[in-house]
Amino acid sequence: MIPEEELAQRRAALRALLVKPLLTAEADADRLVLVRRHLTELREWLARETGWRLIADSEVARLFKTVADTSDATHPARGRSGEPYGRRRYVVLCLALAALERSDAQTTLGRLAEEVLSAAADPELAATGFTFTLETRAERTDLVAVVRTLLGWGVLRRVAGDEEAYLAATGDVLYDVRRPVLATLLTGTRGASTISAADFEERLAALTAEPVVDTDDLRNQALRRRLTRRLLEQPVVYYTDLSDEERAYLASQRPAIIRRIEEATGLIAEVRAEGIAMVDPDDELTDVRMPEQYTDGHVTLLVAERLADRDEIRIEDLKSFVRDAARRYRSYWRKGVTDPGAEDGLLATALDKLAALRLVEVGDGLVRGLPAIARFAVAQPTVKGAEP
């Protein structure tokens with residue numbers, strides 16, 4: 001029998017990897033030590049239940065996750081202020097990584113910018129309509145945002161200088177390039193350069209495709225892995241989002257799958273007629289929290305309550321609702337919430353969060369509440385012992 005302390009350590013190590021699949025010695029020393037201590041058991045569980053690879057050494061631990069749903073755009077990369085990456089930033093990120101792969105052990109922000117500019121001028125890339133010249137502050141801001149993302153991941157280590165000085169054209173920044181971290185970033189099952197498809201969706205499918213299995217045992221293993229990934233990665237797994245084969249397998253194997261996840265991670269299954277959510281009682285294994293404090297958190301909670309007892313509602317009606325709420329709560333919310341058009345940003349932030357939590361779907365000018373949003377419905381209070 002495995003001692004309780006060792007089980008707790010193994011669970012903590014797995015939770016650390018689920019929260020942050022890339023751990024570095026510089027930023028995550030204690031968690032990296034814990035992962036390395038239980039590396040064999042973690043590798044075996046992840047390979048068996050999810051099909052994910054795990055590597056670890058003295059400098060880095062990397063969990064190579066396979067995305068459960070390539071069409072899910074609700075968890076974008078974000079800049080320092082929380083702004084989501086746009087298309088240009090994603091392309092600049094890829095160009096920067098390619099440049100760093102060829103760079104020396106140290107580089108500067110100015111040199112990296114020159115290499116990104118050179119790569120952006122490639123005729124094949126330009127033919128897609130992408131342009132990047134660094135002539136505007138917005139483009140320089142995108143490059144700095146990418147560099148700060150790489151600093152956060154541990155790919156770069158700042159040696160001297162500051163990115164703000166580069167933005168103001170008053171200085172440069174020197175970085176160490178940490179190749180052990182850089183080498184672990186790509187998680188695709190094959191190299192992007194080996195894919196000949198031109199269409200984006202086809203390229204994405206090829207990049208994430210897994211071998212086709214041809215026996216009953218291997219098909220069942222693949223189903224178990226796909227379902228376990230969904231339960232670990234998605235806030236809610238609705239039965240309607242699964243294929244007929246996945247639903248049938250989950251119906252027969254649900255207790256076993258849930259038990260293994262609960263034992264390994266400490267998550268608790270909430271099983272409903274519409275689907276399953278793996279709930280974290282410690283509120284650690286999520287990048288989007290609900291409810292939250294402050295203005296955006298209050299707006300999100302009010303919008304969720306508004307949608308909880310409706311099948312769908314027009315976005316324009318929700319904007320009007322948020323505008324009225326801003327007037328009602330302006331003394332508690334941040335400044336500017338009653339300015340003309342402020343409701344657009346407030347509502348967009350709320351809907352982004354609700355969509356990321358699989359509580360709503362947005363499209364065609366409508367917002368549709370998904371089943372799990374019913375938990376935010378508020379009933380009329382009952383006053384006990386009051387006079388008639």
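In which strand is the place of Thr-24? Thr-24 lies in strand β1, residues 22-24, where strands (E, at least two residues) and helices (H or I, at least four residues) are DSSP runs numbered from the N terminus. The model is predicted, so local features need pLDDT of at least 70 and side-chain atom pairs count only at pLDDT 80 or more, while totals for chains, interfaces and linings use all residues. Residues are numbered from 1 along each chain as its sequence is written, and side-chain values use heavy atoms, with hydrogens and water left out.

Thr-24 counts as buried because its relative accessibility is 3%; buried means under 20% relative accessible area, exposed over 50%, and partly exposed in between, with a 1.4 Å probe and protein chains only. With residues up to four places away in sequence not counted, Thr-24 touches Ala-29, Leu-32, Glu-59, Val-60, Trp-153, Arg-178 and Val-181, contact meaning heavy atoms within 4.5 Å. Thr-24 and Ala-61 are 37 residues apart along the chain, and their C-alpha atoms are separated by 6.5 Å.

The protein chain contains 15 helices and 12 strands. The C-alpha trace spans about 80 × 60 × 45 Å along its principal axes. Of the 388 residues, 40% count as buried. The chain exposes about 21,900 Å², of which carbon and sulfur atoms supply 50% (Shrake-Rupley method, 1.4 Å probe). Among contacts between residues at least 6 apart in sequence, 59% join residues at least 24 apart.

Axes are lines fitted to C-alpha atoms, for helices over the stretch in contact, and angles run from 0 to 180 degrees between N-to-C directions. Five bridges link β5 and β6 (residues 173-177) in the antiparallel sense, and Arg-157 stands opposite Asp-176 in β6.

Another open sheet of three strands has the order β7-β9-β8, again with antiparallel pairing. At its edges stand β7 (237-238) and β8 (268-271), each with a single partner strand, so one side of each is left without a neighbour in the sheet. The antiparallel pairing of β7 with β9 (residues 275-279) runs over two bridges, and Val-237 stands opposite Ile-276 in β9. Between β8 and β9 the antiparallel pairing runs over four bridges, with Glu-270 opposite Ala-277 in β9. A hairpin of three residues joins β8 to β9.

Helices α3 (residues 39-49) and α11 (residues 216-233) pack with their axes 8 Å apart at an angle of about 110 degrees. The two helices are therefore roughly perpendicular to each other (65 to 115 degrees; under 35 is roughly parallel, over 145 roughly antiparallel and the rest oblique). In this packing, Trp-45, Ala-47, Arg-48 and Glu-49 of α3 meet Arg-224, Arg-225, Thr-228 and Leu-232 of α11.

Notes. Pairing = 2+ DSSP bridges.
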